[in-house]
Amino acid sequence: MARVRFTPHLSRYFPLPAEHESDAGTVAELVTELDAAWPGLGFYIVDERGALRQHVAVWVDGELIQDREALSDPLDPASHVTILQALSGG
Amino acid sequence: MATTSNRLLIGTRKGLLEVTRGDGGWSLGEMQLPGQPIAYACRDPRNGSIWASIDHGHWGVKLSRSTDDGATFEEVEPPKYPEHTGKTARYYWVLEPGHADTPERFYVGTEPGGLFVTNDDGKTWQLDEALWALCTEHKWMGGGRDNAGVHSICIDPRDPNHVYVAVSCASVLETTDGGATWAYRSEGMRNDYAPEGTESKPYGHDPHFIAMAPSNPDVLWQQNHFGVFRSTNGAASWDDLTQPPLVNFGFPVAAHPTREETAWIIPMDSDSKRVAIDGSLCVMRTDDGGSTWAEQREGLPQKGTWDFPLRHCLDVGTDGETLAFATTSGNLYVSEDGGGSWACLTNNLPMVYSVRFA
């Protein structure tokens, strides 16, 4: 199972665990799975076209995902996923 | 439309603030939804719920609602653009409860140029496709924001299916069939920046805000990019009330609850500067339909001032005497005598995006 960690800023809006386990095959599938587990969470990460929001970053095994539009980057059972956002402004 | 005169909901860059008037005067409450930019907040007079549109920088735009009078908020299913539009929600610019006869109807004016409606109390939302078709066909452009946006929604108290919207940049539009069809209502408006060859088009205008006179829904006031206008015939045509420099550029306009000839605007120095005129804040009031205007300055700063109210940041209570406005640098002013004198309640708010009596 891939292991998923979230920015603490998302925990303000959803009761997320420290770590979530997933058998999703792609990042897009992971977002669908997360939205099913925590309804509404998907719309925080992606927009209504399914693209990663501008200031949200998804890392898989130490690399930013390549496909911000369709989130087709593959996951495997050993993957470590981190979902972050860029902090900005004051 | 305002529903009372003793309670204000203030949408700020750092949360939703409630300000109330009691025996001891006005007091500031706790900041709800702290840290979250509130683009607009209002109370639904039909059921007392409080709605807030949230402009998360990172997580997209969201809607939140309180059904316990502001003690707690829960996220509501947000309006989403249908796939055929190819668009995504950028901003929920204005919220408007529906007519009393349609208790589960609620509107959200959005950027890019959309109007969403729910008829089931926020469970599902529909994009008004007829209005969207005009937005795409006529290539509405951005004004105050990157894309065109719906910032004003006025519902005829006589007919729930008779609605006006104002769009920057398009115009004022009217539907009489609940949004199935829309017509531009631009007759009499000016667009000094119209590109050559487009002067006769009914779109491309930049109404900054429109307010319906509650006492006569055929009377509509409009603060436009190029002046101040009023219609007395349901927006079939607009009368130009512009009298530079003080009745000219600005953003908000408020209509008196019972006197159709009375309204307030807050002038600003030109579209190129967008600051208080000569460093001083001034409210302009008319009591004769816009022929003459009185300067209301008492209690407002008269030098060294640059901040100003955005379009949703002036409101009048149902008593017609209590007014409030707040500015881009967090100053909140209240009048209890129809604008004759003003008191500053605080200088320390975050940037203010909306001020509405609740």
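This is a short talk on the predicted model shown above, its two chains and the contact between them.

Some housekeeping before the structure. Residues are numbered from 1 along each chain as its sequence is written, while chains are lettered from A and ligands numbered from 1 in the order in which they are written. Because the model is predicted, local features need pLDDT of at least 70 and side-chain atom pairs count only at pLDDT 80 or more, whereas totals for chains, interfaces and linings use all residues.

I start with chain A. Chain A has two helices and five strands, where helices (H or I, at least four residues) and strands (E, at least two) are DSSP runs numbered from the N terminus. Read from the N terminus, the order is β-β-α-α-β-β-β. The radius of gyration of chain A is 12 Å, close to the 12 Å that the globule rule gives for 90 residues, so chain A is as compact as a globular protein of that length. That radius is taken over C-alpha atoms, and the rule is 2.2 Å times the number of residues to the power 0.38. Along the principal axes, the C-alpha atoms of chain A fill a box of roughly 40 × 25 × 25 Å.

Of the 90 residues in chain A, 29% are buried. Buried means 20 or more other C-beta atoms within 10 Å of the residue's own, exposed means 12 or fewer, and partly exposed is in between, with C-beta atoms placed from the backbone.

Now helix H1 of chain A, residues 27-37. Its buried residues are Val27(A), Ala28(A), Leu30(A), Val31(A) and Leu34(A). Seen down the axis of H1(A), they fall within an arc of 155°, so they line one face of the helix; the arc is that of the directions from the helix axis to the C-beta atoms. The cover over these residues includes strands S1 (2-6), S2 (20-22), S3 (56-60) and S5 (80-85), along with helix H2 (41-45), of chain A.

Next, chain B. In helix H1 of chain B, residues 129-137, Leu131(B), Trp132(B), Leu134(B) and Cys135(B) are buried. They too fall within an arc of 155° seen down the axis of H1(B), so they line one face of that helix. Ala133(B) and Glu137(B) are exposed, on the face turned away from the buried side. Strands S10 (114-118), S11 (126-127) and S14 (172-175) of chain B are among what covers the buried residues of H1(B). Just after the helix, Lys139(B) takes a positive phi of about 50°.

Chain B also has an open sheet of four strands, in the order S20-S21-S22-S23, with antiparallel pairing. Two strands pair if DSSP finds at least two bridges between them. Strand S20 (250-255) and S23 of chain B stand at the edges with a single partner strand each, so one side of each is left without a neighbour in the sheet. Strand S21 (residues 263-267) is joined to S22(B) by three bridges, and Ile265(B) stands opposite Met284(B) in S22(B).

The loop between strand S22 (283-286) and strand S23 (294-296) of chain B holds Asp288(B). Asp288(B) counts as exposed because it has 9 C-beta neighbours inside 10 Å. Its C-alpha atom is separated by 8.8 Å from that of Glu260(B), 28 residues apart along the chain.

Last, the contact between the chains. It takes 13 residues from chain A and ten residues from chain B, two residues being in contact if their C-beta atoms, placed from the backbone, lie within 7 Å.
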